[in-house]
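Please look at the sequence and the model first, and then read the report beside them.

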Amino acid sequence: MNRPYIFCHMMTSLDGKIAGSFMETPQGSAAGDVFYDIAFGKTPFYKHQGWLSGRVTTDDNFTFYKKPALDEHAPLVPEGDFIAQPDFGMFYVSIDPHGKLGWEDATLHYIDTTAHVIEVLTEDVSNSYKAFLRKLGISYIIAGKKELDYTLILSKLKELFHIETLMLGGGGVLNWSFLQAGMCDEISVVLAAAADGGLNTPPLFREKERLSNNRPLGFSLKEAKVMDGGSVWLRYTVDSRKDI
């Protein structure tokens, strides 16, 4: 298989939301700690080499909707990928097809986890944005002309950065797109004993026109564990049969 093993690891409320005020409750906080420890704790369960998220998730958590400091007169950069630190060991892979994220550093810090940033771009991205990434020392890979080629993304992550196991970390649109494309092997959900009933908070999975549809998928329960704060850790494999 010319791609990493991919597991989708998320925390949700009882009503299936991946964000919202439920996270501020004692039960939500406890579930958040469980979520982190499974993936990034002192003895991580999956022992992955990186995690991947969409642009909105990245802006919500790391770049905070800052604008990139672009030099429109930057010299022309070489064609192709830019591999700054292929042996960093832990990577944060950001899906940013049009080059919008306002990074300030090539190294990302998430609680006590440190990762090298990899931007995933299309050929449509401007020279000024690629020059901006190079100046910061942020790696990037080109995968697709106007639309992203996910097969190419995953093969490059494995070949260029030696990522054998990759965590898929949202948002819901990205999670569902990977599932429908047959590029997710396992679902890991920490279910918090909390909810907030929010109308506009994103769910674990969401279809989006041109990326996915609402064709149903089936899953097989692999393991269920009661964890701290009344949370439950659920692990599912993805059924190979796509239609149910």
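This is a predicted model: local features need pLDDT of at least 70, side-chain atom pairs count only at pLDDT 80 or more; totals for chains, interfaces and linings use all residues.

Residues are numbered from 1 along each chain as its sequence is written, and side-chain values use heavy atoms, with hydrogens and water left out.

The protein chain has five helices and ten strands, where helices (H or I, at least four residues) and strands (E, at least two) are DSSP runs numbered from the N terminus. Its radius of gyration, taken over C-alpha atoms, is close to the value of the globule rule (2.2 Å times the number of residues to the power 0.38), so the chain is as compact as a globular protein of that length.

| Property of the protein chain | Value |
|---|---|
| Radius of gyration | 18 Å |
| Globule rule for 244 residues | 18 Å |
| Span of the C-alpha trace along its principal axes | about 55 × 40 × 35 Å |

Buried residues (under 20% relative accessible area, with a 1.4 Å probe and protein chains only) make up 49% of the 244 residues.

Histidine 116 is found in strand E5, which covers residues 113-121, and this histidine is buried, with a relative accessible area of 0%. Not counting residues up to four places away in sequence, histidine 116 touches several residues, among them Phe88, Tyr92 and Ser139, where contact means heavy atoms within 4.5 Å. The side chains of histidine 116 and serine 139 are also joined by a polar contact of 2.7 Å; such a contact is a pair of N or O atoms within 3.5 Å, and within protein one must be able to donate a hydrogen and the other to accept it, while residues adjacent in sequence count only if both atoms are side-chain atoms.

Notes: Buried means under 20% relative accessible area, exposed over 50%, partly exposed in between (1.4 Å probe, protein chains only).
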